[in-house]
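Colleague: I have a new model open and want to learn to read it. Can you take me through some features, one by one?

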Amino acid sequence: MKLSWWKWLTIALLLYTVVMGFLSDVPRLAILNETIRNLFFHVPMWFGMILILLVSVVYSIKYLRNPLLKHDIIAVQSANVGILFGVLGIVTGMEWAKFTWGEFWSNDPKQNGAAIGLLIYFAYMILRGSFQDHQQRARISAVYNVFAFAALIPLLFILPRMTDSLHPGNGGNPGFNAYDLDARLRAVFYPSVLAWTLLGIWMVNVRTRLEVLTQKFYENA
């Protein structure tokens, strides 16, 4: 099967991210030390999650305006991939917290906000499974999806900044850019953000095509 140029780009960027993420030279910062390499995995996964969930909510709005089956399929498959990236972000973040904060979970506002946000999206998937009628399921879940994304943003980016937090960029703590402008980090970090985001888009594309084919199969059965 012939791959599009952007898929080859995704593969190349992912290989670059993994190889350079583990083998490239990184600055030796206090406390962080070698764990700063997680910057190439944990943070880009969250960037990818936000962008993919944004795609999901856009297609939910499109479904509410024009109830086409494909709009609903893209919305739910984007949410599925976004949730996966969110779980991976939580896990990699917990590993980072263990080495830098001393424990996997310290009830940090950023951690708690991320966990609540994921629970809201888990509820979205449960909600979809509670309806038999497709149009009713698609319409109600589309409305809920808009609410879920609107709740996720303040949970991740606003509330943690309003209280004490160990997380960089929150609660008075400087973000990486504020105290580290090392070009070595940027040379891997920015490609890794693009790599994980493109991987998520690729996954949504494959899952959407598979679901469309499944729907056609059942219609013709």
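Colleague: At what angle do helix α4 and helix α5 pack, and how far apart are their axes?

Modeller: Keep in mind that this is a predicted model. Helix α4 covers residues 109-128 and helix α5 covers residues 134-158. They pack at an angle of about 180°, and their axes are 9 Å apart. An angle over 145 degrees counts as roughly antiparallel, so α4 is roughly antiparallel to α5.

Colleague: Which classes of residue make up the contact of α4 with α5?

Modeller: The contact has 18 nonpolar residues, four polar ones and three charged ones.

Colleague: Now the rings. How is an aromatic pair described?

Modeller: A pair of aromatic rings is described by two values: the distance of the centres and the angle of the planes. In this model the count is eight aromatic pairs. One of them joins Phe 47 and Phe 189. Their centres are 6.2 Å apart, with 70° between the planes. Planes over 60 degrees apart count as edge-to-face, so the pair of Phe 47 and Phe 189 is edge-to-face.

Colleague: Which parts of the chain does the pair of Phe 47 and Phe 189 link?

Modeller: Distant parts. Phe 47 is in helix α2 (residues 42-65), and Phe 189 is in helix α7 (residues 183-220). The two are 142 residues apart.

Colleague: Is Phe 189 buried or exposed?

Modeller: Phe 189 counts as buried, because its relative accessibility is 14% and the cut-off is under 20%. Phe 47 has 42%, so Phe 47 counts as partly exposed.

Colleague: Which residues form an aromatic cluster?

Modeller: Tyr 121, Tyr 124, Tyr 144 and Phe 147 form one.

Colleague: Rings can also meet charges. Over which ring does the charged end of Lys 98 sit?

Modeller: Over the ring of Phe 104, 5.4 Å from its centre. Lys 98 lies in helix α3 (residues 69-100). Lys 98 has 37% relative accessibility, so Lys 98 counts as partly exposed.

Colleague: What is Lys 98 in contact with, leaving aside its neighbours within four places in sequence?

Modeller: Glu 103 and Phe 104.

Colleague: Where is Ser 56 found, and what does it touch beyond four places in sequence?

Modeller: Ser 56 is in helix α2. Ser 56 touches Ala 75, Ser 78, Ala 79 and Asn 145, not counting residues up to four places away. Its relative accessible area is 0%, so Ser 56 is buried.

Colleague: On to the backbone. What is the phi of Asn 107?

Modeller: Positive, at about 55°, although Asn 107 is not a glycine. Asn 107 is found in the loop between α3 and α4. With a relative accessible area of 54%, Asn 107 is exposed.

Colleague: Sequence and space can tell two stories. How far apart are Leu 29 and Asp 182 in sequence and in space?

Modeller: They are 153 residues apart in sequence and 11 Å apart in space, C-alpha to C-alpha. Leu 29 has its place in the loop between α1 (5-23) and α2. At 19% relative accessibility, Leu 29 counts as buried.

Colleague: And how far is Gln 135 from Pro 67?

Modeller: Gln 135 and Pro 67 are 68 residues apart in sequence, and 8.2 Å apart in space, C-alpha to C-alpha. Gln 135 is found in helix α5. Its relative accessible area is 53%, so Gln 135 is exposed.

Terms used. Residues are numbered from 1 along each chain as its sequence is written. This is a predicted model: local features need pLDDT of at least 70, side-chain atom pairs count only at pLDDT 80 or more; totals for chains, interfaces and linings use all residues. Side-chain values use heavy atoms; hydrogens and water are left out. Axes are lines fitted to C-alpha atoms, for helices over the stretch in contact, and angles run from 0 to 180 degrees between N-to-C directions. Helices (H or I, at least four residues) and strands (E, at least two) are DSSP runs, numbered from the N terminus. Angles under 35 degrees count as roughly parallel, over 145 as roughly antiparallel, 65 to 115 as roughly perpendicular and the rest as oblique. Ala, Val, Leu, Ile, Met, Phe, Trp, Tyr, Cys and Pro count as nonpolar, Asp, Glu, Lys and Arg as charged, and the others, Gly among them, as polar. Rings of Phe, Tyr and Trp (its six-membered ring) pair if their centres lie within 6.5 Å; planes under 30 degrees apart count as stacked, over 60 as edge-to-face and the rest as tilted. Buried means under 20% relative accessible area, exposed over 50%, partly exposed in between (1.4 Å probe, protein chains only). A charge sits over a ring if NZ of Lys or CZ of Arg is within 6 Å of the ring centre and within 35 degrees of the ring normal. Contact means heavy atoms within 4.5 Å.
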